[in-house]
Amino acid sequence: MKNISGNPFLKKESGKIFIDKVPLDEILNKFKTPLMIFLENRIRANIRTFTDIFRSEFENFHCFYSFKANYLSEICKIVHSEGIGAEIIGLPELKLALKLGFPSNKIIVGGPYLSKELIESSIKNKVKEVVLYNLSDLKKINLVAKKFDYIQDICIRVNSQKYNSKLGIKLDEKKVAIFKETLRNCKNVNIKTILSHHSSQMNNFRQFRDNIEAITYNLRLFSGVGISIDNINLGGGFPEATVMPYKQLRIIANEIKLELKRLGIKYNNIFFEPGRYFIGDTGLFISKIVKVSENRWIFLNIGNHICPKFAKCSLRFYNASQINEPHKVKTSIAGIIPTDQDVLAKDYFFTDNLNEGDKVLVTNTGAYCLTFSNRFPYSLPKILLINDNGYKQIFDPKIDGDFSIN
Ligand SMILES: Cc1ncc(COP(=O)(O)O)c(C=O)c1O
């Protein structure tokens with residue numbers, strides 16, 4: 001059997017497609033398109049690859065899944081069962097993580113806006129760290145911690161210094177001195193970790209190196225005013241596992257270790273917060289060509305409302321109805337939203353014959369598609385979770401309404 005989209009859990013043989021061990025035809029007999037599918041075994045395989053590689057490079061490696069990549073309960077449950085922690089940006093995610101049984105000492109909470117409720121809930125539940133994105137939040141956290149007579153461990157998210165990045169604290173010698181002064185009056189917080197998340201879809205080591213440089217620069221500033229920091233957190237930013245195969249991830253992990261050594265960075269623990277790597281290539285859409293238009297434009301019955309550009313997925317398109325035919329002719333793919341802006345791909349290599357009704361497999365849609373999806377007035381797709389030769393429906397818009405969390 002041959003892999004589709006480089007994914008060992010998507011195969012084709014004699015013109016038939018298998019999703020894990022389930023024939024696509026079996027699914028199409030029971031469900032209408034558009035349909036979304038997740039691959040449980042691929043989630044587990046991705047987590048194990050990532051943790052095996054990083055554990056073999058770093059003795060004190062800890063991993064926190066970035067919930068925002070995909071916060072469906074069934075997906076987070078799988079991540080939890082693999083012993084991974086949670087990286088959370090808001091109260092709904094925190095409630096979900098606690099409900100699913102993520103231990104609080106494996107939950108990191110932080111974001112550009114920390115509401116009082118989020119800080120209180122984080123402290124009451126004794127989460128591992130609260131992440132500071134803005135210096136002004138330090139006093140806020142300290143005040144709440146004082147109320148609960150608790151000393152809260154803090155992670156400082158520094159600006160990754162990527163061009164135009166607005167997230168994280170931008171420090172210089174003056175600001176770090178002010179920070180130190182503020183800290184003097186904040187006895188209920190303890191600075192433990194420094195975090196820099198560079199960007200999404202980091203394909204080469206240069207981006208990881210830039211991220212490490214941001215950490216190094218800021219660690220020096222802190223050390224200059226006598227603040228020592230135990231742990232470093234390099235965030236996420238890894239591409240889909242099919243885009244960054246095992247060998248390449250191994251090299252990246254090794255180079256990160258060597259770079260930290262070369263720069264003389266001392267740390268007790270190293271944290272990573274992958275989202276896309278775990279989940280990106282575990283999700284796919286089964287859609288349908290609803291219209292074939294001039295100049296080899298095809299229209300699918302999904303669009304940017306459910307498969308949004310914002311998600312930055314490495315989308316791949318396969319004509320599932322003609323899977324044995326070569327995909328070699330440039331074709332442009334539009335979504336179903338009635339606007340010319342709804343383009344899914346331009347000049348994408350696809351089958352020569354384009355038929356209305358052909359089923360189209362869109363892969364690598366597991367991370368951020370649902371998160372960035374919007375309320376364009378089309379019904380949401382059903383979602384299935386496939387495991388070996390079995391599957392279960394994990395979302396039905398008629399029963400569940402919406403997959404948002406609150
Ligand atoms: C602080 C932090 N950690 C982790 C992630 C997850 O990134 P990815 O899904 O690219 O691994 C993000 C994404 O924006 C982030 O901002």
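Strands, as the word is used here, are DSSP runs of E at least two residues long, numbered from the N terminus. The model described here is a predicted one. A residue counts as buried if 20 or more other C-beta atoms lie within 10 Å of its own, and L344 is therefore buried, with 24 C-beta neighbours inside that distance. Beyond its neighbours within four places in sequence, L344 is in contact with L300, C307, L315, I333, A334 and G335. L91, by comparison, lies 253 residues from L344 in sequence and 32 Å from it in space, C-alpha to C-alpha.

The domain assignment divides the protein into domain 1, made of residues 2-39 and 281-400, and domain 2, residues 42-279. The centres of the two domains, taken over C-alpha atoms, are 33 Å apart. Where domain 1 and domain 2 meet, 19 residues of domain 1 are in contact with 19 residues of domain 2. On the domain 1 side, strand 2, strand 5 (35-39) and helix 11 (369-372) each supply at least two of the touching residues. Sorted by class, that side of domain 1 has 8 nonpolar, 9 polar and 2 charged residues.

Turning to the strands, an open sheet is formed by 4 strands in the order 1-2-3-4, with antiparallel pairing. Its edges are strand 1 (2-4) and strand 4 (22-23), each of which pairs on one side only. Within this sheet, strand 2 (residues 7-13) is joined to strand 3 (residues 16-19) by 4 bridges in the antiparallel sense, and K12 stands opposite I17 of strand 3. In general, the strands of a sheet pair through backbone hydrogen bonds, either parallel or antiparallel.

Strand 19 pairs with strand 14 (residues 283-293) in the antiparallel sense over 5 bridges, and V362 is the bridge partner of F285. Strand 19 also pairs with strand 16 (residues 316-319), again in the antiparallel sense, over 4 bridges; here T363 is the bridge partner of R316.

Leaving out residues up to four places away in sequence, V109 touches I88, L94, L118, S122, V127, V130 and V131.

A ligand is also part of the picture. The ligand is surrounded by 15 residues, of which the closest are S66, H197, G236, E273 and G275. By class, the shell around the ligand has 5 nonpolar, 7 polar and 3 charged residues.

Finally, M244 sits in the loop between strand 12 (231-233) and helix 9 (246-262). M244 counts as buried because 23 C-beta neighbours lie inside 10 Å. Apart from residues up to four places away in sequence, M244 touches F238, P239 and L249. Y277 is 33 residues from M244 in sequence, and the two are 8.4 Å apart in space, C-alpha to C-alpha.

Definitions and conventions. Residues are numbered from 1 along each chain as its sequence is written. This is a predicted model: local features need pLDDT of at least 70, side-chain atom pairs count only at pLDDT 80 or more; totals for chains, interfaces and linings use all residues. Two strands pair if DSSP finds at least two bridges between them. Domain bounds come from an automatic or database domain assignment. Two residues are in contact if their C-beta atoms, placed from the backbone, lie within 7 Å. Ala, Val, Leu, Ile, Met, Phe, Trp, Tyr, Cys and Pro count as nonpolar, Asp, Glu, Lys and Arg as charged, and the others, Gly among them, as polar. A residue is buried if 20 or more other C-beta atoms lie within 10 Å of its own, exposed if 12 or fewer, and partly exposed in between; C-beta atoms are placed from the backbone. A residue is near a molecule or strand if its C-beta atom, placed from the backbone, lies within 6 Å of it.
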